[in-house]
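Open the model in your viewer and keep the sequence panel beside it. The stops below go from strand to sheet, then to the helices.

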Amino acid sequence: MHGTGLNLLLIEDDLKIAAFILKGLRKAGYMVDHATEGCEGLRLALEQTYALLIIDLMLPGMNGIEIIRKFRQAGRDGPVLILSAKNDIEDRVQGLQDGADDYLGKPFSFAELLARIEARLRRPQPVITSSLCVADLKVDLVRGKVYRDSHEIILQPLEYSLLVYLMRQNGRVVSKDTILQEVWDFNAGSLTNVVESRICQLREKIDRSYEPKLIHTIRGCGYALMVQ
């Protein structure tokens with residue numbers, strides 16, 4: 001038995017391919033959860049702890065690249081293997097640049113898939129950050145919950161992504177354009193008012209009723225989340 005009970009997540013909407021992979025991996029000793037839709041796959045990836053994610057790119061609801069980006073933005077560092085019929089070198093490079101650790105083109109042999117999984121799992125794995133803290137502000141990255149002074153704060157998904165991004169900068173100042181590109185995946189200066197609006201909403205929830213204030217505007221430069 002290869003897997004010795006390690007838990008994997010397969011996000012694949014082609015039921016024939018999924019059945020082929022599930023049968024082989026379970027026979028090899030792995031426990032495997034399966035999602036056929038992108039949003040459900042992301043939910044599982046963030047709620048559970050998996051040794052490795054196997055993600056198809058073309059998925060209903062949310063594509064594989066979006067899943068990987070949101071998975072990384074949430075601070076999750078677990079290994080990700082892309083499966084895709086898009087097998088040009090440009091697609092492979094883009095997938096790796098977007099946060100995947102490996103890329104296997106379809107069609108593929110199960111023996112190669114298994115070899116790639118085992119090779120990835122043999123490598124030392126980074127310590128998974130389960131929470132972020134600044135002063136009395138805490139984000140539980142596993143459960144997707146935010147607390148200030150032990151009180152839970154309810155955020156919308158984009159507010160949560162923005163907060164996690166700012167906290168992961170460790171007090172560094174980030175520009176509106178950078179935030180647009182990293183959090184919204186846009187690259188257009190005319191949309192910087194969107195950032196301003198979300199920062200105001202985040203301040204209202206994170207800072208208005210608490211001290212010290214943590215979200216700071218650095219005039220002419222951007223924003224930083226830190227204790228001054």
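**Stop 1: strand 5**

Select residues 102-105, which form strand 5: Asp102 and Leu104 point one way, Tyr103 and Gly105 the other, and all are buried. Buried means under 20% relative accessible area, against over 50% for exposed and partly exposed in between, with a 1.4 Å probe and protein chains only. Strands (E, at least two residues) and helices (H or I, at least four) are DSSP runs numbered from the N terminus. This is a predicted model, in which local features need pLDDT of at least 70 and side-chain atom pairs count only at pLDDT 80 or more, while totals for chains, interfaces and linings use all residues. Residues are numbered from 1 along each chain as its sequence is written, and side-chain values use heavy atoms, leaving out hydrogens and water.

**Stop 2: the sheet**

Glycine 105 in strand 5 is the bridge partner of serine 84.

Now show the whole open sheet: five strands in the order 2-1-3-4-5, with parallel pairing. Strand 2 (31-35) and strand 5 are the edge strands, each pairing on one side only. On average, neighbouring strands of this sheet are turned by 20 degrees against each other, direction ignored. Axes are lines fitted to C-alpha atoms, for helices over the stretch in contact, and angles run from 0 to 180 degrees between N-to-C directions.

Further in, select strand 1 (residues 7-11) and strand 3 (residues 52-56), which pair in the parallel sense over four bridges. Leucine 9 stands opposite leucine 53 in strand 3.

**Stop 3: helices on the sheet**

Select residues 15-27: helix 1 lies across strand 1, strand 2, strand 3 and strand 4, at about 165 degrees to strand 2. Helix 4 (residues 89-97) packs on the sheet as well, touching strand 4 and strand 5, and its direction makes about 150 degrees with that of strand 5. Contact means heavy atoms within 4.5 Å.

**Stop 4: helix 2 and helix 3**

The contact is made by Gly38, Leu42, Ala45 and Leu46 of helix 2 with Ile67, Lys70 and Phe71 of helix 3.

**Stop 5: serine 161**

Finish in helix 6 (residues 157-167), where serine 161 lies. Is serine 161 buried or exposed? Serine 161 is buried, at a relative accessible area of 17%. Apart from neighbours within four places in sequence, serine 161 is in contact with Gln73 and Val183.

Key
Pairing = 2+ DSSP bridges.
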